[in-house]
Amino acid sequence: MTDLSELENTLLGQVNAAGDEAALETVRVSALGKKGSVSELLKTLGAMTPEERKERGPLINGLRDKVQTAIAARKDTLGEAALDARLAAERIDVTLPVQEGPETRGRIHPITQVIDELTAIFADMGFSVAEGPDIETDYLNFTALNFPVGHPAREMHDTFFLAPDEKGERKVLRTHTSPVQIRTMTSQKPPIRVIIPGRTYRHDSDQTHTPMFHQVEGLVIDKQANIAHMKWVLEEFCKAFFEVEQVKMRFRPSFFPFTEPSAEVDIQCSRKGGEIRFGEGDDWLEILGCGMVHPNVLRNCGLDPDEYQGFAWGMGIDRIAMLKYGMPDLRQFFEADVRWLNHYGFRPLDIPSLVGGLTS
Amino acid sequence: MKFSLSWLKDHLDTTASLDEIVETLTRIGLEVEGVEDKAKVLAPYSIAYVISAEQHPNADRLRVCMVDTGEGAPVQVVCGAPNARTGMKSVFSPPGTYIPGKNITLGVGTIRGVESRGMLCSAAELGISDDHDGIIDLPEDAPVGQPYAAYAGLDDPVIEINLTPNRPDCTSIHGIARDLAAAGLGTLTKDAVEPVAGQGACPVSVTLDIDDAKLCPAFALRLVRGVRNGPSPEWLQRRLTSIGLRPINALVDITNYITFDRGRPLHVFDAKKVKGNLTVRRAKEGEEVLALDTRTYKLDPSVVVIADETGVESIGGIMGGEHSGVDENTTEVLIEAALWDPLNIAQTGRKLGIITDARYRFERGVDPAFTGPGLDLATRMVIDLCGGEASEALVAGEVPAVTRSIDFPFAEVPRLSGLDVQPDESRTILEKLGFGVSGSGGRVSVTPPSWRPDIEGKADLVEEVIRIAGVDRILPQPLPRIEATVAKPILTPIQRRTRLAKRTLATRGLVEAVTWSFVAKGEAELFGGGDARLALANPIAADLSDMRPSLLPGLLKAAQRNADRGFGDVALFEVGQTFASDQPEGQSIKAAAVRRGTARAEGVGRHWDGGAVAVDVFDAKADALALLSALGVPVGGLQVVAGGPSWLHPGRSGTLQFGPKNVIGSFGEIHPKILKALDLKGPLVAFELTLDALPPAKAKPTKMKPKLTLSDFQPISRDFAFVVGRAVAAGDIVKAAQAAERALIAGIEVFDVYEGTGIDPDKKSVAIAVTLQPTEKTLTDTEIEAVSAKIVGEVLKKTGAVLRG
């Protein structure tokens, strides 16, 4: 049956020669369409004798199947090629930079970060966070804290004053966060455990002093709290804050009007190559002042010093930030220089916690 | 307070080393600031004999010396000093020695072709004086080979302590020795002063003519006749120079010596220059005195002076007058030992700007009981060193008796310190410090010594005991939890919001700044402040004069500073306090942000993917709304009203409020007038929200979230384009559309705003997409048409809008 073989050869040749899907479709219509060459052959089956049909049927059907299969295969091949061509055409330069996202650009100021660190540590020891106004009365900033009349801190060259009011009272910008101790002791009953972070002000501006700075104080009042407890709290704090296994601390007897006994605390460190490390070395670095709350201060808050007792401490937030993170200059803290903030600031989601670590 | 080790040993019999003494001082609260140990620095310098000094072959001004250093063969040294000569004794330093006066380390050198193996030194090179005039010329009997420092008495270490203001007793070396003795470092020596009887009454009388007796409670005076006032003996001069004091003459040196030795300042008058009797009185307004520092001070009645008939002779307790000062011709001397009011001395000293060793002591409080003994000690020294004959002492006023006693249960020590100090140890410590302890058992009566005005009560005694017993003996003891529970949340709602606000704004690409709480007065006024009650009486600088009413001036200026440094695309925020009054209620916490240039949340600066889009009001609005959302503020009733405070562009700003009386903040473009006034360059946009004014998050009885109901029916969206007057707010169109069918409308987006060709010049087209969410059944076309008609009708009614054809 050479006519069928010839047709098959012709059609398969055409299928393989089809360069795209449209050409292939033309081939398909010419072979398998209503009037296609194969369709025409199939139509002839009806007019055949059963014997003829028995012989020709499988041949013509076989031809149809072969052509169909060939078209399908060719279609796949053409599809693949078309996709390859499309993909090649769609190629883009992925080395082009993307815009930095806002979460990459944003920064948290080191002071905020350190306050969050302090809060995480002291919250674990049961301390809450107390706050108070920056503009204070002379009574709460000085008198209630047992500063004697005529104390140099009460002078214009140390303290910022506002203009006297109608009553002749001169408000001050608090020189420490200690007035919040008084506010706390007069507004809540012991046991008291608070830390008091905040802005403080002194009439000072030079290489190492800024007229505004940040302090954190702690206050514990109950019926047992003593120096041994204070030492524990401060040692635990220093270990947790500086993230070291051990610290060596030195409590030097000292003097503050609002505590008795009082001490200044040094922390042992090494200073090799301008880098301060805690938990090693043999230098001492002053880090905070502390003491047992002065009986006069307790009395000023309506607490009987024979019944209640406790301790307080204070330190510079900016200073401990500098010690931990190595900023060399306090004044830069308040300059809002984005180069400094980008470098020393923290990423938005660097949220200090004890479970995840203060710093990552 | 400075003192030398040998001076300390006049008062303390001890075998302790310098290191032990220094360590102990710090441990007991007398913090050592520094130790200057010349013996250490000068250890390589020894006494040498110049065997020969010959002319250098190649240099006129140099000599080649052969030096016997006391060790081995003679050493050749090239020396340029004019006084170098054969047979002299001087000070030699070998190669490798550090030369303090030149800040170099000596090496072996060849000077003009001659080798030099060391140096003969001047006093200046050793850093012990300014004498450059030649090498040190020592007497013939100076022992060759011996260390020079020890020979010259320079091996006396000087200790400087940082004295806390409560310890007047340690302005004296005697007092420091007492503390060290109590701490177990030796025995206190040299205590009582033998009285000097004197012959005849003091011919000069003293009147205390003051309205307030405490200004000068007592004034003791004595005349010594027939003195010869020359240089003081070498031991005394050496004592004074060791701590940096300049010897003047014997009489003055004696007063300076006793000031440091006993913490007892004194004054000496040349009696022949004093006219008539002395009066202690307040100065007259405008009265002047030429003081011993050769400066003239203008006085006023707050200053207490000692005057004679001619006028002021001394500023009491601070500095004597030049006129009646003693000199080498003085033959009759009046010695004064007085008591002054610490507060008045401090104020006078500050007012006049005078810092003296006398003021330092009187403002801390001088031991009143040592007034008489101090005068006697001075008198004896004057007689010993200058000869003469003393009169009897005269005392005007009365030395106040110090008789207070403190009821002290020894149990106070463990109660406050946590250290179980036994009563015996406490008693011993107090007694060694000079406290009187009477009674026995656990509760005693303690009398503080006259030199400790700082001791008021039990807590002070506890401090005395533990600082001597040793604070390092107190072992840390865990502070027990108040309740044996998991740590509870501790932040207040505003504290939580403040923290969250900072983190939220940072995630929007804003950088946190901390700016001053004070701004310039003009800036305060521009931002709604400027109240005279919020102006500082003593600002540190003119541009930091008023408490800030807003965070914006600080942030805007900071943004400009960054721009001036070349960083113009800057986005800053601050969360902090602002001040509306000087009362605590007037202080509030605000959150504010500024964006400058192209610093948008989406991207900053030029970029291949588009960008370099200038910030606009909607960047600021987005920041504000993102913050409210993050803080969980219920925003159902939030109104955004066009226009804002005076510092924002009136047509490009909005006010955020829950009703007109409950404004929470604003956002917008900075007003051009503000840009001009603060010298800023835009584009600059900002928002500011008052965190305290935000409504609290809704209180919920449980942590359960409301039940989630999901509709089985697909939402459908319909678009409407309205043509409205240009002044109509898009917000009003949205509101009207929403009101048309509250139950069905699940959301409305404004997706296009168009003005221009095809639209009347006074109109604009606003296109909204309304999402309908059926809940019970799929909506039929008729139902959708009905809703659409309602929306169009409602928007027409409220805004006059017509559907765009």
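Two strands count as paired if DSSP finds at least two bridges between them. Keep that in mind for the first sheet. This is a predicted model.

Start in chain B. Strand β22(B), residues 311–315, joins β23(B) through 2 bridges, and the two run antiparallel. Where does I315(B) sit in this pair? I315(B) stands opposite M319(B) in β23(B).

Now the sheet around that pair. Its 5 strands take the order β15-β18-β21-β22-β23 in chain B. The sheet is open, and the pairing is mixed. At the edges stand β15(B), residues 206–209, and β23(B), residues 319–320. Each has a single partner strand, so one side of each is left without a neighbour in the sheet.

Chain B has another open sheet of 5 strands. The order here is β6-β5-β4-β7-β12, and the pairing is antiparallel. β6(B), residues 75–79, and β12(B), residues 119–120, are the edge strands. Each of them pairs on one side only.

Let's walk through part of that sheet. β4(B) covers residues 46–55, and β5(B) covers residues 63–68. They pair in the antiparallel sense over 6 bridges. V50(B) has V67(B) as its bridge partner in β5(B). For S52(B), the bridge partner in β5(B) is M66(B).

Next, β5(B) against β6(B). This pair is antiparallel too, with 5 bridges. V64(B) stands opposite V78(B) in β6(B). These two strands form a hairpin, with 6 residues between the strands. Which residue in the hairpin takes a positive phi? That is G70(B), with phi near 90°.

On to helices, still in chain B. Take α7(B), residues 250–262, and α10(B), residues 371–386. Their axes come within 10 Å and cross at roughly 140°. The crossing of α7(B) and α10(B) is right-handed. From α7(B), the contact uses A250(B), L251(B), I254(B), T255(B), I258(B) and R262(B). From α10(B) come G374(B), L377(B), A378(B), M381(B), V382(B), L385(B) and C386(B). By class, the residues of this contact are 10 nonpolar, 2 polar and 1 charged.

Chain A gives us another helix pair. The axes of α6(A) and α11(A), residues 317–325, come within 10 Å. They cross at roughly 95°. That makes α6(A) roughly perpendicular to α11(A). On the α6(A) side we have P110(A), I111(A), V114(A) and I115(A). On the α11(A) side we have I317(A), D318(A), I320(A), A321(A) and Y325(A). What classes do the residues of this contact fall into? There are 8 nonpolar, no polar and 1 charged.

Now the two chains together. The contact takes 68 residues from chain A and 76 residues from chain B. On the chain A side, several elements each supply at least two residues, among them α6(A), β5(A), α9(A) and β7(A). Which element gives the largest share of that side? It is α9(A), with 7 residues. The chain A side divides into 38 nonpolar, 16 polar and 14 charged residues.

Last, confidence. The model scores ipTM 0.90 and pTM 0.89. Chain B has a mean pLDDT of 93, and 100% of its residues reach 70 or more.

Note on methods:
Residues are numbered from 1 along each chain as its sequence is written. Chains are lettered from A and ligands numbered from 1 in the order in which they are written. This is a predicted model: local features need pLDDT of at least 70, side-chain atom pairs count only at pLDDT 80 or more; totals for chains, interfaces and linings use all residues. Axes are lines fitted to C-alpha atoms, for helices over the stretch in contact, and angles run from 0 to 180 degrees between N-to-C directions. Helices (H or I, at least four residues) and strands (E, at least two) are DSSP runs, numbered from the N terminus. A crossing is left-handed if the near helix is turned anticlockwise from the far one by less than a right angle, and right-handed if clockwise. Two residues are in contact if their C-beta atoms, placed from the backbone, lie within 7 Å. Ala, Val, Leu, Ile, Met, Phe, Trp, Tyr, Cys and Pro count as nonpolar, Asp, Glu, Lys and Arg as charged, and the others, Gly among them, as polar. pLDDT is the predictor's confidence in each residue, from 0 to 100. Angles under 35 degrees count as roughly parallel, over 145 as roughly antiparallel, 65 to 115 as roughly perpendicular and the rest as oblique.
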